[in-house]
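Hi,

Here is the structure I promised to pass on. Have a look at it first, and then read my notes below.

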Amino acid sequence: MTALNFNAWLHPSFTRSRSPTFLFHGLANFPISIPIPSLTVTKRPRDKPYSSTTSFTLSALLTKEETLQTEEKPAFNFKSYMLLQADAVNQALDHAVPLREPLRIHEAMRYSLLAGGKRVRPVLCVAACELVGGSAATAMPAACAVEMIHTMSLIHDDLPCMDNDDLRRGKPTNHKVFGEDVAVLAGDALLAFAFEHIAGATVGASPPRIVRALGELARAIGAEGLVAGQVVDIKSEGLDNVGLERLEFIHLHKTAALLEGAVVLGAILGGGTDEEIEKLRKFARYIGLLFQVVDDILDVTKSSQELGKTAGKDLAADKVTYPKLLGIEKSKEFAAKLNKDAHDQLSGFDPVKAAPLVALSNYIAHRQN
């Protein structure tokens, strides 16, 4: 049997973005992907000549001895993928942070860490690792570490000295249950343990790559990453002259930095080349900013019950948001542009292995809470 691979011709390709910047400019909707059939060619037996009445088909483009058969490729099932991956992450988190002495601090850590959530960051970490040839087992400690740090940021963000929020993931915030003192310490403990967990639990990656991953994570959340975004965000409240450039800085650091860290950690530990890591870094920056643009839109279009957290708090705090600067419709157009730009960064990767990242980008763009 002669086998020809048409997938490279027939599968929709990604187009590299021409603009390296994020700032709002002419926007276009992102393309919708559709499943493409894979094609297999079989050779015609020599003792069965062609009929003179055979209609012209794609097989005529091959040879006179080859006919074409099609087999439908199943579409990527994002819902099943997310359920399986989130369940694996939840089990790993439960195992990593067991209930032990001192009970009070571990209860507080587990209360927020295991409170649910979409687990987007750890799933991104695992998907990036698998995309470059690594395994989920190798990425899982780093994926859990990213979720621990994300949980820390939520605990601290909800404190009265920060956003002063009472509701998170549909439950009372950590300081409302355990008090401000224990909530601060629970966040501190999760932050410290995140690094210990990567260092001690990662298997299947070389020590230099583990060290590189630890450095990457530290930069993502420090004074030039997540913390930088938080500080500029706090100091921008109530200001009248906050423009798009400053708003972009806030969200690229406050929100996108940790999403970027999740993806890059997965790529590093999975054995990705420097070129692959940098393409995935750009992908993560686009979806990180996309995440915040959508978050800003949801904050003014959804209820607290729908969001599982307090709605309208940015408006109440007089914070600058994308809807405030651009309006709802232009913000939605900007989100669509960012989603397309994220897709463009996946050019050159195996489309099958990239499917989870494409679907995650689409999910972030169209999420409702």
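How many disulfides does a search of the whole structure find? Zero, where a disulfide is a pair of cysteine sulfur atoms within 2.5 Å. Take C125: its sulfur is 6.9 Å from the closest cysteine sulfur, the one in C129, and that is too far for a bond. C129 is in no disulfide either. C125 is buried at 0% relative accessible area, and C129 is buried with a value of 0%. (Buried means under 20% relative accessible area, exposed means over 50%, and partly exposed is in between, using a 1.4 Å probe and protein chains only.)

Before you go further, bear in mind that this is a predicted model: local features need pLDDT of at least 70, side-chain atom pairs count only at pLDDT 80 or more, and totals for chains, interfaces and linings use all residues. Residues are numbered from 1 along each chain as its sequence is written, and side-chain values use heavy atoms, with hydrogens and water left out.

Now the rings. There are four aromatic pairs in the structure. (Rings of Phe, Tyr and Trp, the last by its six-membered ring, pair if their centres lie within 6.5 Å; planes under 30 degrees apart are stacked, over 60 edge-to-face, and the rest tilted.) One of them is F78 with Y363: the centres are 5.6 Å apart and the planes at 40°, so this pair is tilted. Because F78 belongs to helix α2 (residues 78-96) and Y363 to helix α17 (residues 351-366), the pair ties together parts 285 residues apart in sequence. (Helices are DSSP runs of H or I with at least four residues, numbered from the N terminus.) Y363 is partly exposed, at 23%.

Another pair is Y111 with F178, with centres 5.5 Å apart and planes at 70°, so edge-to-face. Y111 is in helix α3 (residues 103-113) and F178 in helix α6 (residues 174-178), 67 residues apart. Y111 counts as buried at 18%, and F178 is buried at 11%. K171 lies over the face of Y111, 4.2 Å from the ring centre. (That takes NZ of Lys or CZ of Arg within 6 Å of the ring centre and within 35 degrees of the ring normal.) Likewise, the charged end of R367 sits over the ring of F291, 3.9 Å from its centre.

Finally, L124. Among the residues L124 touches are L259, F283 and L357, leaving aside those up to four places away in sequence; contact means heavy atoms within 4.5 Å.

Cheers

Conventions. Helices (H or I, at least four residues) and strands (E, at least two) are DSSP runs, numbered from the N terminus.
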